[in-house]
Amino acid sequence: MTEEERLAKNNRIREKVKQTKQKRKSQLCRVFCVKIDTSHLNEKQKLHMKMLFVEAKWLYNNALTFMKDHDVNEYDTKIQTVNGLDKDRQPVTHELQYLGSQMRQSIIHGIKHSLKSLSTLKKHNHKIGALRYKSDYKSINLQQYGVTYRFYDDSHIGFQGFKERIRIR
């Protein structure tokens with residue numbers, strides 16, 4: 001690459017960075033916390049919603065078990081079955097049907113974030129423990145607008161895996 005080509009390339013990169021900065025000035029970062037109006041869900045939707053959080057718990061606990069012998073970065077979010085224990089502490093295999101791919105990724109990302117926070121606390125001489133298994137999972141981060149979720153209007157939302165609109169507050 002000649003000197004002129006290198007300078008031309010650097011100028012193109014510089015202009016692209018300026019355009020990106022200009023575009024980001026007008027963007028706003030927003031977080032939405034919504035509550036689902038369960039009185040307007042049919043039985044199929046209620047089952048789907050319940051199983052979504054149950055499968056999130058299974059995946060979270062399976063990832064913690066995996067971390068005993070491996071690095072969390074090696075965990076495969078594309079798995080279709082997870083191993084766990086039933087109420088009598090007997091081994092059981094569960095199939096993941098309701099949990100979408102980006103929801104799985106956000107659960108694993110949450111584990112990584114928690115580990116990073118614990119590491120930072122430990123470096124600052126705080127007494128920390130380990131991540132513990134969950135008996136219930138209460139919230140799932142939805143990462144990408146238009147793929148994992150979408151707003152239809154002020155009172156309706158759509159989720160990955162749901163065919164109908166869901167009423168929210």
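**Rings, strands and pockets**

Guide: Let me begin with Phe 151, which has 24% relative accessibility and so counts as partly exposed. Please keep in mind throughout that this is a predicted model.

Visitor: And is Tyr 149 buried or exposed?
Guide: Tyr 149 counts as buried, because its relative accessibility is 14% and the cut-off for buried is under 20%.

Visitor: How many aromatic pairs does the structure hold?
Guide: There are six aromatic pairs in the structure. One of them is formed by Tyr 149 and Phe 151, whose ring centres are 5.9 Å apart and whose planes stand at 80°, so this pair is edge-to-face.

Visitor: What about charges over rings, say at Tyr 152?
Guide: Over the face of Tyr 152 lies Arg 165, at 4.1 Å from the ring centre. There is also Tyr 60, where the charged end of Lys 134 sits over the ring, 5.2 Å from its centre.

Visitor: Switching to strands: how do β3 and β4 run?
Guide: Strand β3, residues 149-153, and strand β4, residues 156-159, run antiparallel and are joined by four bridges.

Visitor: Which way does β5 run against β4?
Guide: Strand β5, residues 166-167, runs antiparallel to β4, with two bridges between them. His 156 has Arg 167 in β5 as its bridge partner. The two strands form a hairpin with six residues between them, and in its turn Gly 161 has a positive phi of about 100°.

Visitor: And what is between β1 and β2?
Guide: Five residues lie between β1 and β2 in a hairpin, where Arg 89 in the turn has a positive phi of about 65°. The pairing of β1 with β2, residues 91-95, is antiparallel and extends over five bridges, and the bridge partner of Leu 85 in β2 is Pro 91.

Visitor: How do the lining residues divide into nonpolar, polar and charged?
Guide: In the lining of the largest pocket, 17 residues are nonpolar, four are polar and two are charged.

Visitor: What about the second largest pocket, how much space lies there?
Guide: About 450 Å³ lies in the second largest pocket. Its lining has 14 residues, of which Asn 61, Asn 83, Gly 84, Leu 85 and Tyr 133 are the closest to the centre.

Visitor: Which element gives the most there?
Guide: For the second largest pocket the element that gives the most is α2, with five residues, while α2 and β1 (81-85) each supply at least two. By kind, the lining of the second largest pocket divides into three nonpolar, seven polar and four charged residues.

Definitions and conventions: Residues are numbered from 1 along each chain as its sequence is written. This is a predicted model: local features need pLDDT of at least 70, side-chain atom pairs count only at pLDDT 80 or more; totals for chains, interfaces and linings use all residues. Side-chain values use heavy atoms; hydrogens and water are left out. Two strands pair if DSSP finds at least two bridges between them. Ala, Val, Leu, Ile, Met, Phe, Trp, Tyr, Cys and Pro count as nonpolar, Asp, Glu, Lys and Arg as charged, and the others, Gly among them, as polar. On a 1 Å grid over the protein atoms alone, a cavity is a set of points where a 1.4 Å probe fits but cannot get out, and a pocket is an open set with protein on both sides within 12 Å along at least five of seven lines; lining residues have an atom within 4 Å of a point. Grid points are joined across faces, edges and corners, and a volume is the space filled by probe spheres set on the points. Rings of Phe, Tyr and Trp (its six-membered ring) pair if their centres lie within 6.5 Å; planes under 30 degrees apart count as stacked, over 60 as edge-to-face and the rest as tilted. Buried means under 20% relative accessible area, exposed over 50%, partly exposed in between (1.4 Å probe, protein chains only). A charge sits over a ring if NZ of Lys or CZ of Arg is within 6 Å of the ring centre and within 35 degrees of the ring normal.
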